[in-house]
Amino acid sequence: MTRFARRAERVQPSAIREFLALAGQPGITSFAGGYPDPTLFPIEQLHKIYDDLLTPANASALQYTASDGTPELRALVAGRLTADGMPCAPDDVLITQGGQQGLDLVAKLFIDAGDVIVCERPTFLGALIAFNPCEPAYASVPMDDEGLDTDALEQVLRTTQRVKLIYTVPDFQNPTGRTMSLARRRRLVELADEFDVMVLEDTPYRELRYDGERLPSIKSLDTSGRVIHLGSFSKILAPGLRLGWVLAEPEIRENLSLLKLAADTQNGTLNMRAAAAYLSGFDIEAHIAGMLPTYRHQRDLMLASIEEHFPAGVRWTRPDGGLFTWVTFPEGLDTAAFQRDHLIPRAGVILVPSAPFFATEPEVNHARMSFSGVPDDRLVAGVTAMGGLLREVLA
Ligand SMILES: Cc1ncc(COP(=O)(O)O)c(C=O)c1O
């Protein structure tokens, strides 16, 4: 007899876990993962930092510390956010276990069973995984090349009861790679004010821009304190550190802190000290700038290969940053079945089929493809093989 709480029904194994297990295997080309390229981690610098920290003089790096995060790291994050148009003090920042914990804590703070979270169509799968135990209902709003369609959002807000939160990834969204235009960002804030709804802005790819100018964050346009801004060191430093942050109004930040204390007491002191030492001892902006040409090259190569090899009738996004393009196949093609029956057995290629990225009414004829970390020759060979199979299947 199961004694699990009701919320456990909403905690299901991820539909993509099974084939992600294939990713590391020889002979498999993975466009599925979306991990940052490990050759870009600043390993030498971190090695030196950890060496220094693991000495008797720095024994406090192995001690408990403040649950909101070490004061140095909070101050350094606040400084970077301030430089990015979000003036704030160290106390406004909560350090979290990656952006993912921010998603979990915000849902715990705001969502009662049946409250509605508005998501983009499609949205970040990991956010749905974080939100689900709080038993939300979902509404989803279509996107186009300018990001979330704010006219459709207005319609949803007018016709849906109990909307608590709008969740958006405005910069180089996971999974589509799309970026919300400035006009849409402004309109989103206006609508959130008008309908008195919170906005959760999730920005792990914000600094991975390969073309064009950085747009103001949604938080920087917020005048009523309803935008909660999440960020992460995962894509700009290393995801294994599990370091992210929340920027929110004091009352929200304090309550998120209490929930964090309940969940895990604090982030690991050692990693917070290491990140602070990295930020104060090295030039992270130069490090980020140094990564961009690699990702830009990988993006360009993937888009050019797709252009050359995919058959007519297939569409894809052209992201200005981030790690993903979103490919749309003609209706009638079920990407999961195509992957299972053709792509994996015949080409050794994996990607992420679209259905799990939809909070409501899943669409099956898209795929998320990541260009990060795949060697050039394998990237081209994988896309070429995929194009051949698509021609055959769509013929
Ligand atoms: C949109 C988005 N939000 C949050 C996360 C969580 O990342 P992390 O917890 O490593 O910061 C990811 C990771 O892929 C993501 O794509």
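Trainee: How many salt bridges are counted between domain 1 and domain 2?
Mentor: Three. This is a predicted model, in which local features need pLDDT of at least 70 and side-chain atom pairs pLDDT 80 or more, while totals for chains, interfaces and linings use all residues. Residues are numbered from 1 along each chain as its sequence is written, and side-chain values use heavy atoms, with hydrogens and water left out.

Trainee: What makes the pair Arg6 and Glu135 a salt bridge?
Mentor: The term asks for a side-chain nitrogen of Lys or Arg within 4 Å of a carboxyl oxygen of Asp or Glu. Arg6 and Glu135 are 2.8 Å apart, N to O, so the pair meets the rule.

Trainee: Where do the bounds of domain 1 and domain 2 lie?
Mentor: Domain 1 is 6–42 + 286–394, and domain 2 is 43–281. These bounds come from an automatic or database domain assignment. The C-alpha centres of the two domains are 25 Å apart. In contact (heavy atoms within 4.5 Å) are 35 residues from domain 1 and 40 residues from domain 2.

Trainee: How much area do domain 1 and domain 2 bury between them?
Mentor: About 3400 Å², with 60% of it on carbon and sulfur atoms.

Trainee: How many residue pairs are in polar contact across the interface of domain 1 and domain 2?
Mentor: The rule finds 21, both residues at pLDDT 80 or more. It takes a pair of N or O atoms within 3.5 Å; within protein, one must be able to donate a hydrogen and the other to accept it, and residues adjacent in sequence count only if both atoms are side-chain atoms.

Trainee: Which elements give two or more residues to the side of domain 1 that touches domain 2?
Mentor: Helix H10 (284–309) and strand S11 (324–328). H10 has the largest share, seven residues. Helices (H or I, at least four residues) and strands (E, at least two) are DSSP runs, numbered from the N terminus.

Trainee: What makes Glu363 and Arg121 a link between distant parts of the chain?
Mentor: Their side chains meet in a salt bridge at 3.1 Å, N to O. Glu363 is in the loop between strand S13 (352–353) and strand S14 (366–370), and Arg121 is in strand S3 (residues 116–121), 242 residues apart.

Trainee: What makes Arg162 worth a mention?
Mentor: Its phi is near 65°, a positive value in a residue other than glycine. Most residues other than glycine have a negative phi. Arg162 sits in the loop between helix H6 (150–159) and strand S6.

Technical notes
Buried area = accessible area lost by both parts, 1.4 Å probe.
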